[in-house]
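I opened a notebook page for this structure and wrote down what I looked up. The entries follow in the order I made them.

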Amino acid sequence: MTEQIFDHWARFTPAQRVMRYSVFLLCIVVIYWALTSIEVIWEWVWGSPQQIADLFGRMMPPDPSNLGKILVVLWETVNIATIATAVAVVISLPVAYMAAQNTTPNVATLWLGRFILVSSRSINTIIWALLFVAIFGPGVIAGVVAIMFRSIGFVGKLLGEAIEEIDNRPVEALEATGASRFKVIVYAIVPQVMPTFWAVSILRWDINLRESTVLGLVGAGGIGIILQGAIDTFNWPEVATILLVIIALVILGEVVSAWLRKRIL
Amino acid sequence: MLKITSLVKRYGSGDPVLKNLDLEIAEETVVSIIGSSGAGKSTLLRCINRLVEPTSGSIVLNGTELTTLNRAGLRGARRKIGMVFQGFNLVDRLTVMENVQSGRLGVLPTWRAVMRKYPKEDIRRAYELMERVGIARYANKRADELSGGERQRVGVVRALMQEPEILLADEPTASLDPKTSEQIMQLLRDLAREFSLPVLINIHNTTEAKEYTDRIVGMRYGRIIFDAAPEALDREAMDRIYSGTPAAERGEYTPDPSFAVAAS
C-alpha cells in the first residue's frame with residue numbers, strides 16, 4: 001500500500017452540509033409562518049401595561065377579612081395533593097414493573113403497562129378533573145382522583161425508566177443462586193430504584209401542590225373555588241389575598257420538598 | 001462430579017461458540033480455564049448454571065442432568081452451584097450482611113427474605129465465613145463502601161452461603177490489583193480444600209493459574225486443546241492456546257506473516 005498523508009478533514013460531507021443548511025432554513029420559514037398566522041390585536045398588547053396598573057390598583061390593599069376561610073380551603077388543597085400523591089405512588093409501582101422491558105412478564109403486560117402510562121400522561125389534570133366532577137359531582141373526591149390519575153403516568157413512567165436502567169449484573173448473580181423471580185426483584189431491583197422512587201415521589205408531590213390550587217376552577221375542590229368566586233364577583237382585594245396565600249404555599253412546598261430530598265436521598 | 005459431554009452453544013445462526021466440548025471435573029480439584037478473549041470460557045461456565053442456555057449436549061452434576069431441567073428444577077439445581085463474578089455483582093445499596101445472605105435466597109422463605117429475618121444458623125454461618133475471609137467487621141457497611149478485594153470476598157462468601165457442590169468463578173481476579181488478586185486465588189484454593197469443593201476458574205493470568213490450581217484446561221475458539229497438570233503448560237502449549245485470531249480460525253482472513261511475533 002502506498003503511504004499517503006492527508007491534510008484535509010471535514011466533519012460533514014458537502015451533501016450533508018447542504019442538508020443541514022436546508023433544514024435550518026426550513027425551521028426559520030416555519031417560525032415566520034407561525035408568527036404571521038396567529039391573529040394578534042396589537043392595540044390590546046400595547047394597552048396591557050395600563051391594564052396591569054389598573055388591576056393592581058384595584059387589588060391594593062389585599063383584603064384579609066376572609067383569611068380564616070381561605071386558610072381552611074388551603075389546608076384542603078394540601079390534603080388533596082398529599083393523599084392523591086400517596087395513592088398514585090402505590091398504584092404506579094405495579095404499572096412501572098409492567099412497563100419496564102426487563103421486568104415485564106410478557107408482551108401483553110408490557111403493552112398494558114405502556115397503555116396505562118400513555119393514557120394517564122396524555123390527559124391534563126384539569127381535563128381529568130372535568131371528567132371526575134361529572135362522575136363524582138363537585139368536591140374534593142373529584143380533585144383527588146383527577147390528580148391521582150395524572151400522577152400515576154408521571155411516576156410510573158420515570159420509575160419504569162429507572163428499572164430499565166439498573167445494573168443487570170447483581171440480578172444475574174441472584175438468579176444464579178436459584179432465587180425466585182420475586183426475591184430477585186426485592187433484593188436486586190428494588191434497592192437500585194429506591195433513590196429514584198423517593199426523588200420522583202417528592203417531585204410529584206411538589207407539582208401536585210401547585211396543580212391542586214387550580215382544580216377549584218372546574219369545581220374539583222381546593223382553594224381554586226374561592227379564587228373563582230372572588231374573580232366572578234370582581235372582589236379584587238380578596239383575589240390578591242388568595243394569590244399571595246398560594247404563592248406562600250408554593251414556596252413552602254418547595255422548601256419542604258428540598259428538605260425531604262436532602263434527608264432521604 | 002461434573003461431567004460435560006458434546007456441549008454446543010451457538011448464538012443465533014452464527015458459528016458455534018462452543019464446539020462439541022467434553023470435560024470432566026472430579027471432586028476437590030481446582031481447575032483453571034485459560035484462553036484468549038472470545039475462546040468461550042465465560043460461555044462454558046454460564047452454560048453450567050444455565051445463565052446461558054446450551055444449544056445441545058449434556059451437563060451432569062452429581063447425577064443430575066442440568067440441561068433438561070424445567071424452571072423449578074433449574075432453580076433447585078442452581079442452589080447447589082455457587083458463582084463468583086469478575087465485576088463482583090453485589091447489590092451496592094445493600095449491606096454486606098444482606099449481600100451475603102442473598103446466597104440463601106434459593107431456600108429462604110419469602111417473608112423472611114423480605115423482612116430480613118434471617119434464621120439464626122444462617123447468621124452464624126455468615127459470620128463464620130466472613131470471619132474466615134476477613135470481612136466480618138464490615139457486616140453493617142454498604143457493599144459500595146468496600147474496596148475491590150473486600151467486595152470479591154463478599155462475592156465468595158455469598159457463593160459459599162449456598163453450601164454449593166461446585167464453585168464457578170468467572171475471571172474473579174481480573175478487576176483486582178496483582179497483590180489482591182493473589183490473595184483471592186489463595187483464598188479460593190484454601191476454601192476448595194476446606195469444603196472439599198470442585199472449583200472452576202476462568203482466568204487470564206497464566207502465572208496464577210499455574211501457581212494456584214491443580215489442573216489447567218486451555219480453550220481455543222470453542223474447543224479444548226489443552227488439558228493437563230500445571231507443569232505441562234510450557235511455552236509451546238501457551239503458543240498453541242493463544243495464537244491466531246477468531247477470523248483466522250474461521251478461515252476468513254490469513255494474517256500477513258510479517259506481523260507474526262518471532263518466537264523468542
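This is a predicted model: local features need pLDDT of at least 70, side-chain atom pairs count only at pLDDT 80 or more; totals for chains, interfaces and linings use all residues.

**Entry 1: a helix at the boundary.** I started with α8(A). Its buried residues are Pro170(A), Val171(A), Ala173(A), Leu174(A) and Glu175(A). I then asked what covers the buried residues of α8(A). The cover includes α9 of chain A and also β6 (81-84) of chain B. I noted that this cover draws on both chains.

**Entry 2: the two chains together.** I looked up how many residues of each chain are in contact with the other. I found 19 residues in chain A and 22 residues in chain B. On the side of chain A that touches chain B, α8 (168-175) and α9 (181-211) each supply at least two residues. The most comes from α9(A), with eight residues. I sorted this side of chain A by class and got 11 nonpolar, four polar and four charged residues.

**Entry 3: a record for chain A.** I checked the UniProt annotation, an unreviewed entry, and it places "domain: ABC transmembrane type-1" on residues 74-257 of chain A. In the model, that span is 81% helix and 0% strand. Its end C-alpha atoms lie 18 Å apart.

**Entry 4: chain B as a whole.** I listed the secondary structure of chain B as 10 helices and 10 strands. The radius of gyration of chain B is 19 Å, close to the 18 Å that the globule rule gives for 264 residues, so chain B is as compact as a globular protein of that length. I noted a span of about 65 × 40 × 30 Å for its C-alpha trace along the principal axes. Of the 264 residues in chain B, 41% are buried. I also took the contacts in chain B between residues at least 6 apart in sequence, and 68% of them join residues at least 24 apart.

**Entry 5: a sheet in chain B.** I traced an open sheet of four strands in chain B, with antiparallel pairing and the order β2-β1-β4-β5. Which strands stand at the edges? They are β2 (18-25) and β5 (64-65) of chain B; each has a single partner strand, so one side of each is left without a neighbour in the sheet. I followed β5(B) to strand β4 (residues 56-61) of chain B: two bridges join them, and they run antiparallel. Within this pair, I found Glu65(B) in β5(B) as the bridge partner of Val60(B).

Terms used:
Residues are numbered from 1 along each chain as its sequence is written. Chains are lettered from A and ligands numbered from 1 in the order in which they are written. Two residues are in contact if their C-beta atoms, placed from the backbone, lie within 7 Å. Ala, Val, Leu, Ile, Met, Phe, Trp, Tyr, Cys and Pro count as nonpolar, Asp, Glu, Lys and Arg as charged, and the others, Gly among them, as polar. The radius of gyration is taken over C-alpha atoms; the globule rule is 2.2 Å times the number of residues to the power 0.38. A residue is buried if 20 or more other C-beta atoms lie within 10 Å of its own, exposed if 12 or fewer, and partly exposed in between; C-beta atoms are placed from the backbone. Two strands pair if DSSP finds at least two bridges between them. UniProt positions are given in the numbering used here, feature names are shortened, and annotations may be inferred rather than shown by experiment.
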